[in-house]
Amino acid sequence: MTTSVRPPAPARAPAPGPVLPPRGRRRAARRPSALLSRTGVTALLALATLYTLLPLTWLLLSSTKSRQDLFGTNGFAPGDEIHLTQNLQYLFSAQDGVYLRWVLNTVLYAGVGALLAAVFSVAAGYAFDKLAFPGKERLFSLVLLGVMVPATALAIPLYLLAAKVGLVNTFWGVFLPGLVFPFGVYLARVFSAAYVPDEVLEAARMDGAGEFRTFCRIAFPMIAPGFVTIFLFQFTQIWNSFFLPLVMLSDQDLYPVNLGLYVWYSSALSQGHPEDYLLAVVGSLVSVAPLIAVFLMLQRFWKSGMTAGAVK
């Protein structure tokens, strides 16, 4: 008697569940934030541009007005070129031409000081990057600590040190602190590590070049864009410095332009001299011009430093 063997029944396929989109597809389906869209970024850049240009526009338009129009018209109402010429003549002749002396003082403080500070910063940054000496990283940690300390916090200690050595109310009391720029040393080390190959320095040493000649003839030209960047940062910082000269100086012949403008503005408010307010406005406009001129002259070097190494 034969028995028939039935084939096993096929297994049931599991019921299809909901199909989930891939993770990347879900991310792609999300809409970008309104602030990150092209319209949002354009609007933010437009607001930043207005924030930068509106004070300069007010200064320019206010400098073209007479004293009566300065207080009697809207701040952004245009004035007259004749009044601008008269205001400039009044500015440079007021108090026996003291404004020109303030500008000259500021050029010495900022121009010469920033130049020497950039040289020292580049040399120190190169040494921290390429040379080996005991305690190098610990010293660099002190440099980074100096970056984090605000300049205004050092004004009183610098005044006390200057009083000990007799530099209060002197040119050197304001000039010498500007030669120290910890952030410039940090930037110089970064530029040196990025743009000065070790192989080039080794080849120069094998050819008999000393460390000083290697730095001056080979490394420094490679870090030239960084040097310009450090110079611009320090030049702007010293030019806009206010609290240290306020603490250190009492002789008006040694004032930088910012402190002199503050004296005129305070005189207009406290002593009721409206002509000093006009001097402060026109003087502020003139004091901005050297910063713009220096930036425009050096921007091509700065741009080359920002794009160096992008293409090989």
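Modeller: A residue is called buried under 20% relative accessible area, exposed over 50% and partly exposed in between, with a 1.4 Å probe and protein chains only. The model is predicted, so local features need pLDDT of at least 70 and side-chain atom pairs count only at pLDDT 80 or more, while totals for chains, interfaces and linings use all residues. Residues are numbered from 1 along each chain as its sequence is written, and side-chain values use heavy atoms, with hydrogens and water left out.

Colleague: Why is Glu211 called partly exposed?

Modeller: Its relative accessibility is 38%, and the class in between runs from the buried limit of 20% to the exposed limit of 50%. Glu211 therefore counts as partly exposed.

Colleague: How are Glu202 and Arg205 placed relative to each other in helix α10?

Modeller: They are three residues apart in α10 (residues 198–206), which means a separation of about one helical turn. A helix here is a DSSP run of H or I with at least four residues, a strand is a run of E with at least two, and both are numbered from the N terminus. Under these rules the protein chain has 15 helices and zero strands.

Colleague: How many salt bridges does the rule give?

Modeller: The count is five. One of them joins the side chains of Arg189 and Glu137, at 3.1 Å from N to O. Arg189 belongs to helix α9 (residues 182–195) and Glu137 to helix α6 (residues 136–148), so this pair ties together parts 52 residues apart in sequence. Arg189 is buried at 17% relative accessibility, whereas Glu137 is partly exposed at 45%. Elsewhere, salt bridges link Asp129, Lys130 and Asp198 in a network.

Colleague: Which residues of α6 are buried, and what covers them?

Modeller: The buried ones are Lys136, Phe140 and Val143. They lie on the same side of α6 because they cover an arc of only 50° around the axis; the arc is that of the directions from the helix axis to the C-beta atoms. Arg138, Leu142 and Met148 are exposed on the other side of α6. The cover over the buried residues of α6 includes α5 (98–130) and α9.

Colleague: What makes the buried residues of helix α11 line one face?

Modeller: Thr214, Phe215 and Ala219 are buried in α11 (residues 211–222). Seen down the axis of α11, they fall within an arc of 95°, so they line one face of the helix. They pack against α5 and α10, while Arg213 and Arg217 are exposed on the other side of α11.

Colleague: At what angle do α5 and helix α14 pack, and which residues make the contact?

Modeller: The angle is about 145°, and the axes are 8 Å apart. On the α14 (residues 257–270) side the contact is made by Val257, Gly260, Leu261 and Trp264, and on the α5 side by Val98, Tyr99, Trp102, Val103 and Thr106. Contact means heavy atoms within 4.5 Å. Axes are lines fitted to C-alpha atoms, for helices over the stretch in contact, and angles run from 0 to 180 degrees between N-to-C directions.

Colleague: Why is Val282 called buried?

Modeller: Its relative accessible area is 1%, and the limit for buried is under 20%. Val282 lies in helix α15 (residues 274–307). Apart from neighbours within four places in sequence, Val282 is in contact with Ser63, Asn87, Leu88 and Leu91.

Methods:
A salt bridge is a side-chain nitrogen of Lys or Arg within 4 Å of a carboxyl oxygen of Asp or Glu.
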